[in-house]
Amino acid sequence: MKARKVVVVTAEHHPYHKLWLKLAEELSKALNVPLEVKVEDYVYLVDYGDKDEFGMSWLPQILVELEDNSVHWLLSRLPLNDALQPDEGKAISEMIEKLKSLGVEVPTSQST
């Protein structure tokens, strides 16, 4: 199965807005697919994103749209390093692992 596009749903006022955009751009380049940026699209997240125990979504989140038209969330919380700062490398590897678990073809140069 192949990815059709990477989608990031974010908010410009979020403290890590630029980091989420950067992570989504890196993933879209690694998969060689387009990136779609949605701003505060909670309806999209309620339909496809990660939710809490009450069915509520939050942002930012990074999702992938596959060739079978299914949509899956890949990252909804930033992993932190030992200094409690966002860990970009771990975020990318978590998304790659989730893609692999979905059966998505991942270029070997991006495999972890």
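In this predicted model, the buried residues of helix 3 are covered by elements that include helix 1 (17-31), strand 3 (61-66) and strand 4 (71-75). The buried residues in question are A91, I92, M95, I96 and L99. They cover an arc of only 130 degrees around the axis, so they lie on the same side of helix 3.

Helix 3 runs over residues 88-101. Its 14 residues should span 20 Å at 1.5 Å a residue, and the end C-alpha atoms are 20 Å apart, which agrees. At the start of the helix, a side-chain oxygen of D87 comes to within 3.3 Å of the backbone nitrogen of G89. Just after the helix, G103 has a positive phi of about 85 degrees.

**Nonpolar cores**

The largest nonpolar core contains 24 residues, and L23, L27, I62, L75, M95 and L99 have the most contacts inside it. Two or more residues each are given to this core by strand 1 (3-10), helix 1, strand 3, strand 4 and helix 3. Helix 1 supplies the largest share, 7 residues. Leaving aside neighbours within four places in sequence, L27 is in contact with V6, I62, L74, M95, I96 and L99. Another core, of 8 residues, lies apart from the largest one; V7, A11, Y44 and L45 are among its members.

**Salt bridges**

The count of salt bridges comes to 8. The table gives some of them.

| Pair | Closest N and O atoms |
|---|---|
| K5 and E36 | 2.3 Å |
| E65 and K5 | 3.9 Å |
| K100 and E97 | 3.7 Å |

K5 and E36 form a salt bridge. This pair links distant parts of the chain, with K5 in strand 1 and E36 in strand 2 (residues 35-39), 31 residues apart. K5 also forms a salt bridge with E65. That pair too joins distant parts of the chain: E65 is in strand 3 and K5 in strand 1, 60 residues apart.

K5 counts as partly exposed because its relative accessibility is 21%, and E36 is partly exposed with a relative accessible area of 23%. E65, at 15% relative accessibility, counts as buried, since buried means under 20%. A network of salt bridges links R4, K5, E36, K38, D41 and E65.

K100 and E97 are both in helix 3; being 3 residues apart, they are separated by about one helical turn. K100 counts as partly exposed at 31% relative accessibility, and E97 counts as partly exposed at 38%.

Definitions and conventions
Residues are numbered from 1 along each chain as its sequence is written. This is a predicted model: local features need pLDDT of at least 70, side-chain atom pairs count only at pLDDT 80 or more; totals for chains, interfaces and linings use all residues. Side-chain values use heavy atoms; hydrogens and water are left out. Helices (H or I, at least four residues) and strands (E, at least two) are DSSP runs, numbered from the N terminus. The expected span of a helix is 1.5 Å times one less than its number of residues. Buried means under 20% relative accessible area, exposed over 50%, partly exposed in between (1.4 Å probe, protein chains only). The arc is that of the directions from the helix axis to the C-beta atoms. Contact means heavy atoms within 4.5 Å. A polar contact is a pair of N or O atoms within 3.5 Å; within protein, one must be able to donate a hydrogen and the other to accept it, and residues adjacent in sequence count only if both atoms are side-chain atoms. A nonpolar core is a set of buried Ala, Val, Leu, Ile, Met, Phe, Trp, Tyr and Cys residues joined through side-chain atoms within 4.5 Å. A salt bridge is a side-chain nitrogen of Lys or Arg within 4 Å of a carboxyl oxygen of Asp or Glu.
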